[in-house]
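Let's take a walk through this structure together, one element at a time. Keep the viewer open as you read.

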Amino acid sequence: MADADTTARIVNSEAHRAVALQAARESLVLLKNADAALPLRKDLKTIAVIGPNADDGRYSHRHYGPSGGHVVTVLEGVRRKLGTRAEVRYAKGVDIAGDNWPAIEILPEPLSASEQAGIDEAVRAATGADVAIVVLGDGDRTVGESLSRTSLDLPGRQLELLRAVHATGTPVVLVLINGRPMIINWAEAHWPAILEAWFPGDHGGIAIADALFGDYNPGGKLTVTFPKSAGQIPFNFPTKPNAQWEGEKSRVNGALYTFGHGLSYTTFEYANLRINPRRIPAGGSVEVSVEVRNAGSRAGDEVVQLYTRDLVGSVTTYEKNLRGFERIQLTPGQTRTVHFRLGPEDLALWNRQMRRVVEPGAFRVMVGSGSEDIRQQGEFEVQP
């Protein structure tokens, strides 16, 4: 066991804080950015920071790690970023879960007087501001061990807060701090920009402010699927053909955000997919490469994703198998060739005798920016 002096020197050291900040930045996923609403200009004069997660850092102090560090909240991060150049208004609005939760998820009731007062305060903060940054999501009452939920909607009165701030006419940005996918159909339909931060740690407010104001270009991708309704669950990836059939006429179909989704402040172009060789024996390997170019005006990260599909098998296999990914950084105009290798372990299936084998036949290779954003594809064959 380390002595106290060593522990004090290591835990929360400057080097570790730098790693935590970078992890928080790289975990950010830009879910939506209509009409280039983000990044925000730094010369804005009045900014409203609103929501139950805007100035609450308790999400960072959980049971499985040090709990004595200072958490930089989104409010603090924005104030640090802008200094005295802008007026930063703050209103909590509502609690994460609120009164009579979780029963209210199945027994809706009118807003209480205190809840209405909180929303009214948020409306006053947003009215006349150049932009409203609304920070919603989960807390220690809504996600964690023994905290399964009836619904994946925003808990408590957070949707009512969203609607009220939107009604002011102030341009709005939604930041989510949460521990599971959330059903945010109304926000997706009405708000131009949505940034997913997950639980970003002690330096989350710095990372989020960096992304909101363009000092960091978010490049993270979803490792889960966001459904449109809890009635779609289980909504898994990968999936087998027709396992999640979408021909029902009396239900909502399709994902809100698909596995691997994530936007950027720049754009990336994919070209020149190469698969070598095109024919291999059952124990052979394939080299796959693709060129990725930053076609925009900002430096940024892209997570290049490689998927495969066994086109003809003795058993039913998944439609897309994630078999590789690489996060790359590109300056404007820069091109980089990304390489992957597919070996027997990537091509094998469990046959009817429950043996792990590579069967002969055609395989499709799909490379892109997300599971539903495939930019290049080709095929190769495993010979008998």
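Predicted model: local features only at pLDDT ≥ 70, side-chain atom pairs only at ≥ 80, totals over all residues.

Helix α2 covers residues 14-27; at 1.5 Å a residue, its 14 residues should span 20 Å, and the 20 Å between its end C-alpha atoms agrees with that. Its buried residues are Leu21, Ala24 and Arg25. These cover an arc of only 100° around the axis, so they sit on the same side of α2. On the face turned away from the buried side you will find the exposed residues Ala15 and Val19. Part of the cover over the buried residues of α2 comes from α7 (204-212).

Next, turn to strand β2, residues 46-50. Five of its five residues are buried, so β2 is largely enclosed by the rest of the structure. In a regular strand the side chains alternate between the two faces of the sheet. Here both faces are covered, with Thr46, Ala48 and Ile50 buried on one side and Ile47 and Val49 buried on the other. As for its neighbours, β2 runs parallel to β3 (residues 87-91), joined by five bridges, and Ile50 stands opposite Ala91 in β3. Strand β2 is also parallel to β4 (residues 131-137), with four bridges between them; there, Val49 faces Ile133.

Which residues have the most contacts inside the largest nonpolar core? They are Ile208 and Leu212, in a core of 35 residues. Both α2 and β2 are among the elements that give it two or more residues, along with α3 (74-82), β4, β5 (172-177), β6 (193-196) and α7. The most comes from α7, which gives five residues. Leaving aside residues up to four places away in sequence, Leu212 touches Leu38, Pro39, Leu40, Ile133, Val173, Val175, Leu195 and Tyr265. Apart from this core lies another, of 33 residues, including Ile119, Ala132, Ile184 and Ile194.

Finally, look at an open sheet of five strands, in the order β10-β18-β17-β12-β13, with mixed pairing. The edges belong to β10 (279-280) and β13 (321-330); each has a single partner strand, so one side of each is left without a neighbour in the sheet. The partner of β13 here is β12 (residues 300-310), which runs antiparallel to it through nine bridges. One of the pairs to look for is Gln305 with its bridge partner Phe325 in β13.

Conventions. Residues numbered from 1 in each chain as written. Heavy atoms only, no water. Pairing = 2+ DSSP bridges. Expected span 1.5 Å × (residues − 1). Buried < 20%, exposed > 50% of the residue type's maximum accessible area, 1.4 Å probe, protein only. Arc of directions from axis to C-beta. Contact = heavy atoms within 4.5 Å. Core = buried A, V, L, I, M, F, W, Y, C linked by side-chain atoms within 4.5 Å.
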